[in-house]
Amino acid sequence: MPVRWRKVWVSDESYEAAGVFDVNNDGVPDIVSGAWWYEGPDYKKKHHICNVAASGEYYDDFSVLPMDVNGDGHMDFVTGGWWGDTIRWRENPGDSNKEWKEHIIANVGNVETTRLWDVDGDGQLEIVPNTPNRELAVYKLKTDSKGRGTGEFTKHLIREEAQGHGLGCGDIAGNGRSDFVISKGWLEAPKNTFKDEWKWHPDFDLGCGSIPIIVTDVNKDGVNDIIVGQAHPFGLDWWEQRIAKDGKRTWIRHPIDPFNAQYHDMHWVDIDGDG
């Protein structure tokens, strides 16, 4: 079946990020963006969340990541921004007429954007901000005996050196663990994710990379490759991972689209349903 699209106008706000999750627990996905959430299924009715700090033409709000942080059954969301230097979560009040309270998780420096990944493989998503000028760290939500969020986080430092622009997470080493990919190389996850040292592999220079840098087996050879777009310059490429019989790892760059730029955010999804 051919893929067909229908464009639907929602609103004319110009915030940096948007997310989709069920805000009011009616079983229908809603759209959340900046200072507002738009009620599904037609998204014509909007509700105020809170005021979002502006800096020139930008807003300090670079992600909308759903997470029930305080375990009350209402979906909150995690965000962060370049100028505020923090990652924070906004608390869903469970009432469409009330504003959402903001909570600071950590001061992390300039935030390009933030992602949720299950870094340690326990089934719980962790917060991982791309902070180009600062360290790479993971923030894990503390939970109670029933697995519900407590509103508090534990910081786990992965690498002290500055990350650079671009961040990905996936199994590069082929051992079933979640490694990190940053602009100048990749970090191999140890057996004990948050206690042992991560091994640094300066295998490549990806430039001003996208978030995420996608980790997937592009050529179906059983080894994961990476797809990276340039966030500010031109270029979209996939880097083929090859492992020789002696275990030596090499990377070969293949252009996908050298004629476009601004690949800040990418998603790897099956749009046409062909598997």
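**Close-up views of a predicted model**

**View 1. A loop with a cis proline.** P41 sits in the loop between β3 (36-39) and β4 (45-48). This model is predicted. The peptide bond joining G40 and P41 is cis. Its omega is about 10°.

**View 2. Another cis peptide bond.** I211 and P212 are also joined by a cis peptide bond, with omega near 5°. P212 belongs to the loop between β18 (199-201) and β19.

**View 3. The largest pocket.** The volume of this pocket is about 650 Å³. Which strand gives the most to the lining? β11 does, with four residues. Both β11 (113-117) and β19 (214-216) supply at least two lining residues. Sorted by class, the lining has 16 nonpolar, five polar and four charged residues.

**View 4. The one cavity.** Across the whole structure, a search finds one cavity of 30 Å³ or more. About 50 Å³ of space lies inside the largest cavity. The residues lining this cavity are N107, V108, P129, T131, R134, E135, A137, Y139 and Q163. By class, four are nonpolar, three are polar and two are charged.

View 5. β16 covers residues 179-182. D179 and V181 point one way from β16, and F180 and I182 point the other way. Are these four residues buried or exposed? All are buried. β15 (residues 167-170) runs antiparallel to β16, and four bridges join the two strands. L167 has I182 of β16 as its bridge partner. β17 (residues 185-188) pairs with β16 too, in the antiparallel sense, over three bridges. Here the bridge partner of V181 is W186 in β17. A hairpin of two residues links β16 to β17.

**View 6. Positive phi at D85.** D85 is not a glycine, yet its phi is positive, about 65°. This residue is placed in the loop between β8 (76-80) and β9 (86-91). D85 has a relative accessible area of 26%, so it counts as partly exposed.

**View 7. Positive phi at Q262.** Where is Q262 found? Q262 lies in the segment after β22 (249-261). Q262 is not a glycine, but has a positive phi of about 65°. Its relative accessibility is 48%, so Q262 is partly exposed.

Methods: Residues numbered from 1 in each chain as written. Predicted model: local features only at pLDDT ≥ 70, side-chain atom pairs only at ≥ 80, totals over all residues. Heavy atoms only, no water. 1 Å grid on protein atoms, 1.4 Å probe; cavity = no way out; pocket = protein on both sides within 12 Å on 5 of 7 lines; lining within 4 Å. Points joined across faces, edges and corners; volume = space filled by probe spheres on them. Nonpolar A, V, L, I, M, F, W, Y, C, P; charged D, E, K, R; others polar. Buried < 20%, exposed > 50% of the residue type's maximum accessible area, 1.4 Å probe, protein only. Pairing = 2+ DSSP bridges.
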